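Let's take a walk through this structure together. Keep the sequence and the 3D view open as you read.

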Amino acid sequence: MALSLSELSLFRARTAVIPLVCSFACSSNPAPSDPSSSSGSAAAPRAAGSQLGAPRDTHYKADVEAQHGRIRVVVRQESVCDVIPIHVVEEQGETKWVAGTPTTTKPCEERFARNVIVSLDVNGNTYRLGEPNAYGEVQTDLADRMLQNLYGEDTSQTPVAHVVLRDKQGNAQEVGTIDLTQLAATGKRLEELLTEFRGLLDRSQTSLSGAELARAYELYEQLGAFDSGDPRIGALQALFLERLYQRKADEATDRFKKNLEALNVAKDILKANRTAMVIPGYVLTSMDAGAPDARTVEWARGQVAVALRRSPALCGEAGKPGFTWSRLKLSPPVAESQLAFEVLRYAYDNPFEKDITALCQRIVM
């Protein structure tokens with residue numbers, strides 16, 4: 001088929017465009033990109049804080065006290081940690097945390113020490129105190145024999161004890177010192193108090209004077225102030241309490257016997273003067289029952305006051321009033337008054353004579 005001139009011109013124009021388009025679309029080399037528009041490049045890192053590294057260089061500190069033969073040590077441990085800076089980096093669309101190089105250190109792991117052994121070292125001699133409790137505390141008592149084992153018999157040459165800690169790895173560290181001179185002086189003073197206390201407890205308690213009994217109480221308190229687990233102190237304190245309770249029991253028994261004696265005397269007075277005395281019926285009833293009640297005691301107090309006013313001689317010498325039970329025999333009052341005095345002695349015991357003396361001062365003077 002023959003083409004017209006116009007159709008042939010159009011065909012030639014279209015075939016001339018194909019190589020130009022293919023040179024761009026079919027090329028194997030990609031077109032260059034704009035660096036400023038790329039999203040795959042890494043952004044500058046930015047600081048995001050810091051983190052502590054593993055603890056190292058662990059060391060110990062201790063508070064050391066020595067008083068009244070007792071040693072108390074409180075142990076604390078502390079380590080050093082590196083401060084590691086942390087940075088945030090955006091890379092390939094992802095966020096990453098990157099640890100930097102440590103730049104400084106700081107104390108860390110501060111707490112009471114547990115897994116250590118506390119010892120005293122004196123001129124190469126070692127005395128183990130023990131391991132700290134949950135609060136880092138070690139307490140112990142150094143008796144005289146222990147001290148002598150450390151520094152010998154010559155206390156004038158008492159050295160200084162070094163407090164040493166040893167961890168589970170066998171590393172040792174000195175954390176303080178204790179002057180054993182003070183402990184030696186305390187031990188000597190303790191022995192003096194114990195000797196004096198023993199001397200008082202070995203004697204019959206009834207033979208001790210008031211001053212000696214007061215001294216025994218003082219020694220009991222002084223030994224208690226030592227805050228010590230020394231068995232000698234505990235034993236003597238227990239013996240003191242035993243003697244004290246026994247003395248109180250003996251005194252109570254003696255008072256009971258005297259009270260019964262006074263009651264028997266009152267019964268004898270009533271028996272001998274029953275028809276001649278004029279006393280209330282409730283007094284007769286309680287006396288016959290052998291148990292004077294509160295009403296009978298109140299009657300006796302009033303009767304005694306009347307007797308003192310009627311017989312001033314019962315109060316002693318003029319100007320120096322002082323009643324004693326023996327005056328009832330020197331200047332015996334009427335039977336009713338004698339009965340009243342014995343009822344009061346039964347109810348209040350012999351020391352009640354001091355109350356009667358006070359009554360004399362108000363009535364006679």
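Cys315 and Cys360 are joined by a disulfide, with 2.0 Å from S to S; the term stands for a pair of cysteine sulfur atoms within 2.5 Å. Cys315 sits in the loop between α7 and β11 (316-317) and Cys360 in helix α10, so this bond ties together parts that are 45 residues apart in sequence. Helices (H or I, at least four residues) and strands (E, at least two) are DSSP runs, numbered from the N terminus. The torsion about the S-S bond of Cys315 and Cys360 is -80°, a left-handed link. Cys315 is buried, with a relative accessible area of 1%, and Cys360 is buried too, at 0%. Here buried means under 20% relative accessible area, exposed over 50% and partly exposed in between, with a 1.4 Å probe and protein chains only.

Before going further, please note that this is a predicted model, in which local features need pLDDT of at least 70, side-chain atom pairs count only at pLDDT 80 or more, and totals for chains, interfaces and linings use all residues. Residues are numbered from 1 along each chain as its sequence is written, and side-chain values use heavy atoms, leaving out hydrogens and water.

The count of disulfides comes to two, and the other one joins Cys81 to Cys108 (S to S 1.9 Å). The torsion about the S-S bond of Cys81 and Cys108 is about 75°, so this disulfide is right-handed. Cys81 lies in strand β3 (residues 70-91) and Cys108 in strand β5 (residues 104-112), so the bond links parts 27 residues apart in sequence. Cys81 is buried at 3% and Cys108 is buried at 6%.

Now look for the nonpolar cores, which are sets of buried Ala, Val, Leu, Ile, Met, Phe, Trp, Tyr and Cys residues joined through side-chain atoms within 4.5 Å. In soluble globular proteins, nonpolar side chains tend to be buried together. The largest core here has 30 residues, and Met287, Leu308, Leu339 and Phe341 touch the most other members. Two or more residues of this core come from each of α5 (231-272), α6 (281-289), α7 (294-310), α9 (335-348) and α10 (353-363). Apart from this core lies another, of 19 residues, including Tyr60 and Val163.

What does Phe341 contact, leaving aside its neighbours within four places in sequence? Its partners include Val304, Leu308, Phe323, Trp325 and Ile356, where contact means heavy atoms within 4.5 Å.

Next come the pockets. On a 1 Å grid over the protein atoms alone, a pocket is an open set of points with protein on both sides within 12 Å along at least five of seven lines, and lining residues have an atom within 4 Å of a point. The largest pocket holds about 220 Å³ of space, a volume being the space filled by probe spheres set on the points, which are joined across faces, edges and corners. Its lining includes Glu261, Asp268, Trp325, Lys329 and Arg345. Helix α5 gives the most to that lining, with four residues.

The second largest pocket has about 170 Å³ of space. Among the residues lining it are Thr58, Tyr60, Arg111, Phe112 and Lys168, and β2 (56-67) and β5 each supply at least two.

Technical notes
1 Å grid on protein atoms, 1.4 Å probe; cavity = no way out; pocket = protein on both sides within 12 Å on 5 of 7 lines; lining within 4 Å.
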